[in-house]
Amino acid sequence: MKIYTKNNILILLSIVIMSCKTIQKRTASKEAEIETKLDSILISLNKKGKFNGNVLIAKNDKIIYKKEFGFSSGNKKHSLKSIDRFNIGSIYKEIPAIAIMQLKEKGLLKLDEPISKYIFSLPEWSNKVSINNLIQYTSGLPKISWGKHPEINDKVLMNDISKIKNLEFSPGKNYLYTNYSPFLLSKIIESITGVEFKRYIVNNILQPFGLNQSKFNEALPYQNRESQAISFNSNYIEDNPPFKMTSSIITFSTTTEDLFKLIKNLHTHKIINENSLHTIGKTADLKVEEMNSALGQVEYINDMVSEHTHHGSNGNYEGILYRNNLKNITIVILTNRKNGNVHSIKNRIKEIL
């Protein structure tokens with residue numbers, strides 16, 4: 001039997017400490033190398049007018065890179081800050097789907113139920129459209145006609161839906177990516193809970209998981225510029241659509257850090273359970289190319305989520321949310337000057353990591 005003396009123990013401890021310090025130095029050196037490479041790419045893109053926005057990268061659910069490039073608005077008076085909020089376009093569609101699954105987990109709804117059970121003012125076709133049809137964009141509802149009204153609000157949207165006589169196809173038989181889906185999901189949530197949709201989201205997603213920088217704005221284009229990234233084009237002319245949007249499915253704005261918190265808690269099954277995550281991550285079983293789920297594009301390995309990518313845009317806002325569960329990497333890119341290159345920037349960041 002080997003007997004360890006006090007000196008032997010001290011020597012072993014010294015070796016362990018030295019090894020830990022060496023690993024820490026190597027890790028710090030590697031992170032510094034990654035930061036230098038990322039800075040080189042993003043600063044170059046910014047100088048060329050190819051990127052104006054905020055970037056966050058996390059490894060093992062720890063933020064290793066978070067920086068801002070360019071201006072917060074077209075007047076070029078202020079640089080972007082980490083707390084500046086962006087409109088995230090279709091990425092926002094995840095939120096009503098997540099909320100629906102929270103209610104399902106509580107036994108308050110079933111996905112195969114017709115939406116007419118919760119929304120009573122719709123035509124006869126609502127008896128054939130299920131909640132799951134809304135989640136998977138297989139309802140047969142058309143796209144929203146954005147330029148039809150001077151103001152797009154919940155009342156206008158509901159009125160337009162009520163006037164739809166015939167669906168584009170029989171529910172479940174085809175796929176059509178429409179913003180009516182998340183809108184009706186939000187109305188089902190209100191019907192079940194008796195609470196305004198945005199209040200439900202604040203109480204059950206934003207506050208519990210620390211998304212304290214996110215906000216439901218009063219209208220889009222955004223009037224309050226405090227901590228708000230304002231979208232503009234390549235000539236620094238700010239977006240000025242011929243109509244105002246006040247529906248909560250459109251006015252939501254958030255930051256790179258809050259999106260990181262959302263996707264981290266989503267994939268660690270803290271917001272909804274694993275089965276619920278799989279449900280809203282899968283597309284319908286149809287022979288249709290390039291379908292999106294409620295979570296955008298999701299890949300599976302042995303029925304486990306391996307990658308989750310969601311792209312969104314609205315005017316000159318554009319963003320991408322990426323999660324790789326195999327390597328535990330998260331990338332969030334938000335821009336208020338659309339160049340159509342967030343996918344390529346994400347891929348270059350993946351190569352560096």
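## Helix packing, an open sheet and a buried threonine

Three strands, in the order β3-β7-β5, make up an open sheet with antiparallel pairing. The edge positions belong to β3 (86–87) and β5 (215–216), each with a single partner strand, so one side of each is left without a neighbour in the sheet. Two strands count as paired if DSSP finds at least two bridges between them, and β3 and β7 (residues 252–254) are joined in the antiparallel sense by 2 bridges. Ser253 in β7 is the bridge partner of Asn87. Helices (H or I, at least four residues) and strands (E, at least two) are DSSP runs, numbered from the N terminus.

The model is predicted: local features need pLDDT of at least 70, side-chain atom pairs count only at pLDDT 80 or more, and totals for chains, interfaces and linings use all residues. Residues are numbered from 1 along each chain as its sequence is written, and side-chain values use heavy atoms, with hydrogens and water left out.

Helices α2 and α6 pack at an angle of about 70°, their axes being 11 Å apart. Axes are lines fitted to C-alpha atoms, for helices over the stretch in contact, and angles run from 0 to 180 degrees between N-to-C directions. The two helices are therefore roughly perpendicular (65 to 115 degrees). Contact means heavy atoms within 4.5 Å.

| Helix | Residues in the α2–α6 contact |
|---|---|
| α2 (residues 94–105) | Ile95, Pro96, Ile98, Ala99, Gln102, Leu103 |
| α6 (residues 197–206) | Phe197, Tyr200, Ile201, Asn204, Ile205 |

Thr138, in the loop between α3 (131–135) and β4 (151–152), is buried (under 20% relative accessible area), at 1%. Residues touched by Thr138 include Asn133, Phe169 and Leu286.

Terms used: Parallel < 35°, antiparallel > 145°, perpendicular 65-115°, else oblique. Buried < 20%, exposed > 50% of the residue type's maximum accessible area, 1.4 Å probe, protein only. Lists of a residue's contacts leave out its neighbours within four places in sequence.
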